[in-house]
Amino acid sequence: MKKILLLCLGYFSLYARVVSGSVPLASQDMAPKNGGDLLVSSELVQNILHYQERGELFTYLQSHWFSLLFAVIVVGVILVFALHYLIIGAKVFNENCPCVLVYPKFQRVVHWTAALSFVLLIPTGLIMVFGKYFGGGEFVRISRYIHSIGMVIFVIIFIPLFYIWIREMMLSFRDDKKWLYMAGGYLKKKHIKVPAGKFNFGQKMWFWMAILGGFVMIVTGLAMYFQNFDIALLRKLNLDQIDLLRIAAIAHNFVGMAVLALFITHLYMSLFAIKGSLSSMISGYKSVHELKYLHNSYYKKLLTKGFISEDYEEDK
């Protein structure tokens, strides 16, 4: 019945364009009654007749904009970074100089577990967005199941992810403002000393998007997955369940676009922008040479505490 309801919403969108909403879809006595299903009640037809309040916006976005915006983000962000790589190229640092343990083992485990969840969530999410181009059917259905598995993994790792990095991901007005002004040093081929702590502003942006955006995605995703629920607060706000589902779907898509853009950015920075960056999250070590230029505030802190020295050769 839930699928029938969503199908009715889609047909009503087309039908409303013809009749301009002047012809009622059905009368109240046509609503099926089944006390065991909260989505099927005497208010079912009334929910559909509330379509113009939020349903029209949802149907319009779902039919015309979501897939287009996701496509623009995927193609646009990849093109921007492809140009960056061709024009500026990757930053190369001396890996033979002393290295510092930056990411302890537990942090690496949490990172790669979160990474696994995103690797499952984002491609399968895109498959569902562009489901009609894949012909729908079993392939899209299996992607939905994998998407749910990815969500479970992210829910499990969410609190450890927040706990281990919250302090180091707090914004620093002095360093982060300068980092933004210098674009992190990524727009210059030569090495320049960039004021940044253990994590730069770009990494902090990705962290907070993963945490705040991830929380929104969890809540809205659960709402769309379970669908059949009863929340007293909804009635107080004069909202029906179908209203919440529409709002959840809209929020899930828009937040998903932001997560997707920063995920691609994070991938580019990890795999291409800095040579050897991926290995640092595997081993946990970064070269002093890289820290000196890309995380200069953190480098100075280590230098002051005597954990490192400047007695090394920068040139390879």
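**Helices, rings and buried residues**

Visitor: Which residue, found just after α12, takes a positive phi of about 80°?

Guide: Helices (DSSP runs of H or I, at least four residues) and strands (runs of E, at least two) are numbered from the N terminus. Helix α12 covers residues 296–304. The residue just after α12 that has a positive phi, about 80°, is G306.

Visitor: What kind of model is this, and what pLDDT do local features need?

Guide: Residues are numbered from 1 along each chain as its sequence is written, and side-chain values use heavy atoms, with hydrogens and water left out. The model is predicted: totals for chains, interfaces and linings use all residues, side-chain atom pairs count only at pLDDT 80 or more, and local features need a pLDDT of at least 70.

Visitor: Which strand is included in what covers the buried residues of α12?

Guide: Contact here means heavy atoms within 4.5 Å. Among the elements that cover these buried residues is α11, residues 288–294. Another one, at residues 99–101, is the strand β1.

Visitor: Why do the buried residues of α6 line one face of the helix?

Guide: Helix α6 spans residues 173–181, and its buried residues are D175, D176 and W179. They pack against α7 and α12. They line one face because, seen down the axis of α6, they fall within an arc of 95°.

Visitor: Which exposed residues are carried by the face of α6 turned away from its buried side?

Guide: The buried side of α6 holds D175, D176 and W179. On the face turned away from that side, the exposed residues are F173, R174 and Y181.

Visitor: Is A183 buried or partly exposed, and what is its relative accessible area?

Guide: A183 follows α6 and lies in the loop between α6 and α7. Its phi is positive, about 55°, although A183 is not a glycine. A183 is partly exposed, because its relative accessible area is 26%.

Visitor: How many aromatic pairs does the structure hold?

Guide: Rings of Phe, Tyr and Trp (its six-membered ring) pair if their centres lie within 6.5 Å; planes under 30 degrees apart count as stacked, over 60 as edge-to-face and the rest as tilted. The number of aromatic pairs in the structure is 16.

Visitor: How many residues apart are F81 and Y268?

Guide: F81 and Y268 form a stacked pair, with 4.5 Å from centre to centre and 15° between the planes. Both residues are buried. F81 belongs to helix α3 (residues 51–87) and Y268 to helix α9 (residues 241–273), so that the pair links distant parts of the chain, with a separation in residues of 187.

Visitor: What is the angle between the planes of F154 and F158?

Guide: F154 and F158 are about one helical turn apart, because they stand four residues from each other in helix α5 (residues 137–165). F154 is buried at 3% relative accessibility, and F158 is buried at 15%. Their rings form an edge-to-face pair, with centres 5.7 Å apart and an angle between the planes of 75°.

Visitor: How far apart in space are I78 and A261, C-alpha to C-alpha?

Guide: I78 is found in helix α3 and is partly exposed, with a relative accessible area of 46%. Not counting residues up to four places away in sequence, I78 touches I73 and I264. I78 and A261 are 183 residues apart in sequence, while their C-alpha distance in space is 9.2 Å.

Visitor: What is the relative accessible area of N94?

Guide: N94 is found in the loop between α3 and β1. N94 counts as buried, because its relative accessible area is 4%.

Methods
Buried < 20%, exposed > 50% of the residue type's maximum accessible area, 1.4 Å probe, protein only. Arc of directions from axis to C-beta.
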